[in-house]
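Please open the structure in a viewer and keep the selection panel at hand.

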Amino acid sequence: MRTTVLIVDDHPSFRRLARRLFEEAGFTVVGEARDGQSALDSARALRPDLVLLDVMLPDISGIELAERLPPEVSVLLVSSRSAEDLAIGSRRFLRKDELTLDRLRAVAGGTG
Amino acid sequence: MTGRARLGWYCVLVAGPLFVVFGELGFWLNGITPRETFPLDLGVSSLSIASGLVLWRLRPDNRTGALLALSGVLWTIGGIRAYRDPWTFGVGQCFDGSQDLVLAHLLIAYPTGRLGRRSLRVLVTAGYGLFVLGVVKTATMDMPRQFNAFAVWHAPRVHSALGTIGSVGAGVYATTGIAIVGSRWLRAGTTRRRVLGPVLLAALLFAFADAVDQIVLAITGSEPDVVFFPPLVARLVIPLAFLFGLARARLDRVAVGDLVRELDASGAETMQSALARALHDPGLRVGYRLGDRDAFIDSDGRPLALPVDGSDHAVTYVSRNDVQLAAIVHERALLEQPALVEAVSAAVGLALDNERLHAQLRNQLQELRASRTRLVRTADSERRRLERDLHDGAQQRLLALGLALNMLRARVRDDDAVQLLAEAQEELATAVRELRELARGIHPAILSDQGLAAAARTLATRCAVPVEVTANGRRFPPAVETAGYYVIAEALANVIRYSGASRAWIEIGEANGLALIAVGDDGVGGADAGVGTGLAGLADRVGALDGRLVVTSAPGSGTTVRAEIPCA
């Protein structure tokens, strides 16, 4: 069974390309959200296996939002900034420019 | 004074004493009261009249002087009843006690001498009704007309009843007068209390002495000689109290010369405190006119609001050579002493002008400081905006491009094309990295998102030597956090460049409304904050927030950079 993904980012071009990348990596993208509130609503409704979550959303920090998502949902935080700049700590994190098919396939293996 | 008025005063000066002596001598000659009280009786008349005339002369606009002189005249007229003559007895008997009615009127009208409110006018009119009662009482005395020319109706019971009513009424009236002055004193500020205080004290003293007199009379049933003295002594104090209360302002005007000398002698003495002392108004404020604008500033250069109409305070403007220099905000009661305020204003005109120039300079400095703070804040805000624009604009496009290249590379089978794509991806990664560094240099996003403590920890992790961070994570205002961040970043850069330190530390805390940010190391020390360390610019940035930057760097003892910035 393919891993389902919800993509949360406020930049439409990134969401569009991330959807294609995930689909090529073998995921099923079940939805997209542009801010924290709609991300929460979609996550509760769609119950994805993984949420690709931008750290900097217009209404809430992605780190804070991750705490409020259903516990069974895996979260992969992404940002154009470095983990060091964001003081991400031990959470699962990738810089956006590190988002490649190989890495996503590895994530898919870990999530599935 | 006109010639006619002067003649009038001379007549009063000659005839007054003769009249007073005549009035009081009867008691002495006829042994009606103890002879020892004669000087006191004489004193009450003469002091009341003399004090009243002096006050009238000093404050012609104030009716207190005239009323006080009238009270002395009435006391004297009351005294002529002691002569064994039916007409002087009748007249004197009618006026006996009328002085107290005028004294009560004086108390109620004090310190302006004017009643003002309608209720007070009604009260005083009712008080003078007691005089009519006294006339009727004289007419109903049970004595032959050869002793009392006014005895037209022999009615001892009516006479007795009127006596009781008159005594009770006079007591209530006098007590009301004292209560009114007492309530004014309680509500008054310092200036007015100085005027009301002596009179209130004298009135209370008299009330006490009179009460003792009445109690002794009630107990003994007769008037022993000793009871005459305390009320008479208290009566002597009353005119002096009125004179002292109202003439004080004149004495204060004499002290104006001292004020000018003190201002010259003591540079530390501020104009405001000197004026407050001279005018006996601790709450007095001085506002200096700000150039041509209709605005005033205090001596520190801060805006000063003038009191609105109807408040407890009033304004006296001070001008020199037709130029308005300052506004003195004082208790409204001081308006009753315009001569004093004018004397003080005139005396300190030059000093006020100097002080005004100083205040304007301080105001300009404050505006300059505020402008510097605004500039720093605007620059910080622009940096944040620029960083955000880079993040949302160019950076996102490059990242999207990277994703597209990544997907394209998975589809391309030609080796040369794959090689070219790999090179393009590498260039793109470099561009993204450089853009990230640029954005971080413009404004560190972590500072806005998570605060100074988190940003300091990030800086510590990037430092080439171990850095220990002590911070409780408390958030400060954005401008303070930004200044603190740059202090830490610059200090850590200096640790690497110059100190030769093996370790460093960062402390972030707060005490007494100040954000305390310190960076120290165990290096060679000897840093010069002014030369090439970048700390001079930081001192300006910290100074723009009213803070200060202290660098301690004794040779061989490491360096500590400490910023203290108001954050309350």
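The stops that follow cover salt bridges, a cavity, a helix and some backbone details.

This is a predicted model, in which local features need pLDDT of at least 70 and side-chain atom pairs count only at pLDDT 80 or more, while totals for chains, interfaces and linings use all residues. Residues are numbered from 1 along each chain as its sequence is written, chains are lettered from A and ligands numbered from 1 in the order in which they are written, and side-chain values use heavy atoms, with hydrogens and water left out.

**Salt bridges**

Select Asp54(A) and Lys96(A), which form a salt bridge with their closest N and O atoms 3.7 Å apart. The term denotes a side-chain nitrogen of Lys or Arg within 4 Å of a carboxyl oxygen of Asp or Glu. The pair links distant parts of the chain, 42 residues apart: Asp54(A) belongs to strand 3 (residues 50-54) of chain A, and Lys96(A) to the loop between strand 5 (93-95) and helix 5 (101-111) of that chain. Helices (H or I, at least four residues) and strands (E, at least two) are DSSP runs, numbered from the N terminus. Both Asp54(A) and Lys96(A) are buried; buried means under 20% relative accessible area, exposed over 50%, and partly exposed in between (1.4 Å probe, protein chains only).

Select next Arg95(A) and Glu98(A), a salt bridge with the closest N and O atoms 3.4 Å apart. Arg95(A) counts as partly exposed because its relative accessibility is 21%, and Glu98(A) counts as partly exposed because its value is 22%.

Move to chain B and select Arg385(B) with Asp389(B), where the closest N and O atoms of the salt bridge are 2.8 Å apart. Both residues lie in helix 13 (residues 349-411) of chain B, four residues apart, about one turn of the helix. Over all chains, the whole structure holds 27 salt bridges.

**The cavity**

How many cavities of 30 Å³ or more are there? The count comes to one. On a 1 Å grid over the protein atoms alone, a cavity is a set of points where a 1.4 Å probe fits but cannot get out, and lining residues have an atom within 4 Å of a point. Grid points are joined across faces, edges and corners, and a volume is the space filled by probe spheres set on the points. The largest cavity has a volume of about 100 Å³. Select Arg81(A), Asp85(A), Arg440(B), Pro444(B) and Ala445(B), which lie nearest its centre among the 16 lining residues. Helix 16 of chain B gives the most to this lining, with four residues.

**Helix 4 of chain B**

Select residues 86-95 of chain B: this is helix 4, mostly covered, with seven of its 10 residues buried. Among them are Phe89(B), Gln93(B) and Cys94(B). At the N-terminal end, Asp85(B) caps the helix, with a side-chain oxygen 2.9 Å from the backbone nitrogen of Trp87(B). Just after the helix, Gly97(B) takes a positive phi of about 90°.

**Backbone details**

Select Tyr110(B) and Pro111(B), joined by a cis peptide bond with omega of about 10°. Pro111(B) is placed in the loop between helix 5 (98-109) and helix 6 of chain B.

Finally, select Arg47(A), which has a positive phi of about 50° although it is not a glycine. Arg47(A) is found in the loop between helix 2 (36-46) and strand 3 of chain A.

How values were computed:
On a 1 Å grid over the protein atoms alone, a cavity is a set of points where a 1.4 Å probe fits but cannot get out, and a pocket is an open set with protein on both sides within 12 Å along at least five of seven lines; lining residues have an atom within 4 Å of a point. A polar contact is a pair of N or O atoms within 3.5 Å; within protein, one must be able to donate a hydrogen and the other to accept it, and residues adjacent in sequence count only if both atoms are side-chain atoms.
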